[in-house]
Amino acid sequence: MSDRFAARSQVAIVGYAHSPVRRHHDVPLGALALDTALAAIADAGLTKDDIDGFTTGSLLPTSGGHASVDGVSVVTANWLAEHLGLNPRFCAGFQGFGQIPGSVTMAVNALATGAADYVVLHRALHNPPRGRYHANPMTHAAGPRQWVAPQGYFGPLSMIALPYNEYLQRFGASRDAMAAVLVEARANGARIPWSYWYEKPITTQEYLDARVIAEPIGVLDCDIPVDGVAAFVLTRSDRARDLPHQPVYVAGYAMGSPKRTRLPTHWPLDDIMEAGFEIRRRLEDATGLTPDVVDVPQLYDGFSPFVYFWLESLGLCPVGEAHRFVQEGIDAAAGGLPILSGGGALGNGRMHGVPQMLECYLQLSQRAGDRQLTSATVGLACHSSPHFGGAVMYTAEPL
Amino acid sequence: MTPDTAPAHKPVPVPDPTSEAYWAAAAEHRLALARCGRCGRFTHPPDVVCPHCLSTDPGFTFEPVDGRGTVRSWTVLRDSFLPGFADDIPFVLVDVELDVQVDLRLIGRLVDGPDAPLRLGDRVVTVFDARDDGPPVPAFALDPTAEGER
Ligand SMILES: [Zn+2]
């Protein structure tokens, strides 16, 4: 069809690297990013002089009053290129949330238009060394904060607690149902050597016993802040076929945005879901692929309720049913729908949308080792909340 | 009392030209919200443009509104990332849709506390949380006279 995404299947992922995920690395984040980028370039069968494009989304962490320093707490595309000693033709950062799908859109567009031939897409995550990740000794609330902080409404846990409770109340769900999500994410993360949670699965009871912070959000509903870097190499599909690994093709992407202007931390459930439905429509328009053909759906889980929101808005289960669906249908090792086969953020640490993109790549290129799924033909990698993030569809064969 | 043991303060709002009328009304225990001078609709908080008619010159004025509304969600805070609220734990925050206009929302503390039975659709009224070092802060209380839209 003529109105499909013009760059459909024209760009492919051809290599990757992932640093160990730790609470705190003893090397600067920039050094970790450089080593990881070089490893990804080598994995793709290239040398750094082949690379003429760089992209990332470097937003976050910005919380807790820590100043952001390039190369230390964030690593921008420009910093990475410069410190690799390169002067690339294309170098740009994605500015918003949904950093991973956002960066993929930039890499795909640059490659499909010929603005670059080989792009390194990286993501560097930093866990500030002192203090709590989101704690804030605020005594005065100016600007947007004045509307909520004086009430004690502050930070992402309250932000996600409201739509999550709205979901639980609307559909008569129990927060205990989420144990299935955590058990699955951690079971898979426990099998990934670079994961923070390597060899550390959890039980349903451990989830139920964990501390609740902002009801119904408990400590285990949140991914753990970490230092870690991942890098991918992308190129045009015609070039990809000459490289050592089986290419994984980008079928299309879709980003979401809130329909209404609200306070940045006010996320009513319907805002989230409407954006998710829109992403589903846009993905289908771009790729011609429907949710039922996706065999590697990697749902974003930085806060556990996102799994429900993505499952339902993308049409992988009926609205209001996700809390039941996860009880029966998501055990990858038992042949369930492998929505967290890559461990997600809950099973790897706060790598944002990296685990989702990486699992699509590893499964569709047949590089997932002992986690390799029997059927891995169409992948879907989500990131962030639907109304600030997005999703990318991948295929093992060009469309 | 040494500085180390002094209780942390709750954040004090810093009024600015977009909000001073809101906080001035709150000081008199009145809820006043920004109304667009072009289309007449309310928005909270006021943005650069009116989100309804997209006027870039919305000429917002703060007008008193009826503080009654409906609970759309809530959370019980059992920890707080703001040290000034440590002594208030646990406390309830409610996401309220005000009657005055569809989807006009306000987030505030529910003064009835975490033991009050609460369901989606419960009716609330606006009340004001007194503070030692700043204007009273709009909050909510369950409306005992109202039937929820359950
Ligand atoms: Zn207007």
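Contact here means heavy atoms within 4.5 Å. On that basis, in this predicted model, 42 residues of chain B are in contact with 38 residues of chain A. The size of an interface is often given as the accessible area lost when the parts come together. Between chain B and chain A, the buried area comes to about 3,500 Å², with carbon and sulfur atoms giving 59% of that area. On the chain B side, the residues that lose the most area to chain A are B:Phe81, B:Leu82 and B:Ile107, which together account for 22% of what that side buries.

The interface of chain B and chain A holds 4 salt bridges. In one salt bridge, the side chain of B:Arg78 meets that of A:Glu215, at 2.5 Å from N to O. The count of residue pairs in polar contact between chain B and chain A is 20, with both residues at pLDDT 80 or more. Several elements of chain B, namely β1 (12-13), α1, β5 (69-77), β6 (91-98), β7 (105-110) and β9 (137-142), each supply at least two residues of the side that touches chain A. Of these, β5(B) provides the largest share, 6 residues. By residue class, the side of chain B that touches chain A divides into 23 nonpolar, 8 polar and 11 charged residues.

Strand β5 of chain A (residues 140-141) and β1(B) run parallel and are joined by 2 bridges. Here A:Ala141 has B:Pro13 of β1(B) as its bridge partner.

Turning to the inside of chain B, the chain is divided into domain 1 (14-65) and domain 2 (66-150). Their centres, taken over C-alpha atoms, are separated by 21 Å. Each domain of chain B brings 14 residues to the contact. The area buried between domain 1 and domain 2 of chain B is about 1,200 Å², and carbon and sulfur atoms give 75% of it. B:His29, B:Leu31 and B:Val65 supply 40% of the area that domain 1 buries against domain 2, more than any other three residues.

Across this interface of the two domains of chain B there are 0 salt bridges, while 3 residue pairs are in polar contact, both residues being at pLDDT 80 or more. On the side of domain 1 that touches domain 2, α1 (20-27) and β3 (42-43) of chain B each supply at least two residues, and the largest share, 4 residues, comes from α1(B). That side of domain 1 is made up of 8 nonpolar, 4 polar and 2 charged residues.

Technical notes. Residues numbered from 1 in each chain as written. Chains lettered and ligands numbered in written order. Predicted model: local features only at pLDDT ≥ 70, side-chain atom pairs only at ≥ 80, totals over all residues. Heavy atoms only, no water. Domains from an automatic or database assignment. Buried area = accessible area lost by both parts, 1.4 Å probe. Polar contact = N/O pair within 3.5 Å; in protein donor to acceptor, adjacent residues only side chain to side chain. Nonpolar A, V, L, I, M, F, W, Y, C, P; charged D, E, K, R; others polar. Pairing = 2+ DSSP bridges.
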